[in-house]
Amino acid sequence: MTTRIEKDPLGELEVPADALYGVQTMRAVQNFAISGLRPLEPFVIAQVWIKKAAALTHRETGRLDAERADAIVRAADEVLNGQHLDQFVVDPYQAGAGTSHNMNVNEVLANRANELLGGARGRYAPVHPNDHVNMAQSTNDTIPTNIRLAVLRQLPALVDALTGLEQALAQKGHEFDHIVKAGRTHLQDAMPIRLGQEFAAYAGTLARCRRRIQEAADYLNDLGIGGSAVGTGVTVEPAYPALMVKHLRAITGITTLREGQDRIQLMQSMGDAAAFSGTLRGLAIDLSKIVSDLRLMVSGPRTGLDEIVLPAVQPGSSIMPGKINPSIPEMVNQVCFQVIGCDTTVTMAAEHGQLELNVMMPVIAHNVLLSMQILTNAMQTLTGRCVRGIQAHEAMCEYWVERSAALATALMPQIGYAAAAELAKRSVKEGVLIRDLVRREGVLPADHVDTVLDLRKMTEIGVPQ
């Protein structure tokens with residue numbers, strides 16, 4: 001591999017000759033060979049958005065000449081169009097605050113801008129990564145801004161996936177509304193419920209998750225860009241923060257972005273990111289419960305509940321022929337476990353800021369964005385490859401509900417709790433349906449039995465008469 005020699009305040013270092021990044025990025029590569037992972041694309045794109053907006057802002061104020069500013073903008077646009085993404089190489093587990101990531105972006109854009117102006121990589125003239133690409137910025141205000149922008153960039157896809165799943169479950173709620181099945185609490189017999197009611201409730205749960213996510217995301221529109229080193233705005237022109245927000249709105253298409261009213265607070269606290277991560281955790285908890293329910297309802301088909309049928313997406317065993325597993329719900333469970341783990345990391349990292357800065361921002365960014373990415377993909381897959389194809393096994397739903405000892409509950413207004421409990425015990429012990437036992441023992445007049453034990457009416461508010 002051919003190399004070039006670059007120099008920074010620590011001395012000289014060899015850098016791959018064809019690399020757009022430079023010496024500070026190379027030091028980070030050597031220092032942080034931790035996970036073998038690259039930065040997630042939204043974390044790269046958001047930082048490039050900030051650099052482009054800064055170049056446009058400084059050209060507008062006259063602080064940066066048009067030739068340099070335009071070259072930085074052209075280099076940024078190349079990245080935003082999908083070029084040079086392999087040049088962003090710093091491990092997510094890196095030096096605090098994200099200085100290495102910030103310098104990786106500064107060096108790539110500086111080198112490419114110089115090439116566009118006829119210069120050579122590694123020379124940093126006429127465009128310098130610190131003096132020009134990073135003008136009036138610090139890692140300390142750009143990375144918090146990055147996290148907000150990156151999350152908001154990913155938000156529409158997450159909400160769309162969540163909404164699609166919510167609607168698919170609601171449709172199944174409508175489709176299955178006529179099917180009465182056994183309810184279960186503590187995994188034991190409980191009063192009847194309609195299969196459609198269960199699915200409609202799942203949709204309602206996700207609707208509440210969606211609203212919480214959107215409410216938490218609104219706080220992320222407040223940008224602390226312009227805070228510079230400690231939030232005070234040292235080296236920053238007074239017009240810079242508002243112009244940055246103006247240009248970022250135009251560049252990103254996120255029209256809800258706002259100039260933060262307290263840049264020191266927005267630098268000190270990762271509370272907004274942590275709160276948003278918490279809503280992802282809430283979604284993961286509810287989503288995991290839903291798919292676990294699907295796995296229970298599809299259990300069998302001969303030795304389990306067998307109340308629903310999921311689409312078969314792959315053979316379920318390498319040794320047991322014909323076995324089909326609930327593979328998509330199993331995947332979603334695992335994604336949800338990962339998201340809960342990510343949120344635990346975000347929580348600890350958000351708490352671990354000191355004084356004017358939270359140095360744990362790189363791991364916060366990685367875990368929030370990873371959670372969004374895998375939740376979005378998991379929900380899209382769950383919707384398209386599972387929920388839309390779910391079928392009800394009506395005969396098994398009817399079979400189980402008639403055998404539920406909890407049907408004795410409907411008799412309580414007529415015969416009281418103690419007598420109803422005795423009937424439930426006898427039903428289980430003798431293997432006799434509650435309905436048949438009531439008839440046999442003459443507990444109710446014969447013409448009242450089916451009225452009182454009307455399964456559909458048991459799924460609605462009211463007192464059995």
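Helices (H or I, at least four residues) and strands (E, at least two) are DSSP runs, numbered from the N terminus. This is a predicted model, where local features need pLDDT of at least 70, side-chain atom pairs count only at pLDDT 80 or more, and totals for chains, interfaces and linings use all residues. Residues are numbered from 1 along each chain as its sequence is written, and side-chain values use heavy atoms, with hydrogens and water left out.

- Pro 301 sits in the loop between helix H10 (271-297) and strand E7 (308-309), and a cis peptide bond with omega of about 5° joins Gly 300 to Pro 301.
- Another cis peptide bond, again with omega of about 5°, links Ala 125 and Pro 126; Pro 126 belongs to the loop between H4 and helix H5 (129-133).
- Tyr 124 is in the loop between H4 and H5 too, and has a positive phi of about 55° although it is not a glycine.
- Thr 235, in the loop between strand E5 (222-223) and H8, also isn't a glycine, yet its phi is positive, near 75°.

**A look at His 101**
- His 101 is part of helix H4 (residues 99-116).
- With a relative accessible area of 0%, His 101 is buried (buried means under 20% relative accessible area, exposed over 50%, partly exposed in between, using a 1.4 Å probe and protein chains only).
- Leaving out residues up to four places away in sequence, His 101 touches several residues, among them Pro 39, Val 44 and Asn 146 (contact means heavy atoms within 4.5 Å).
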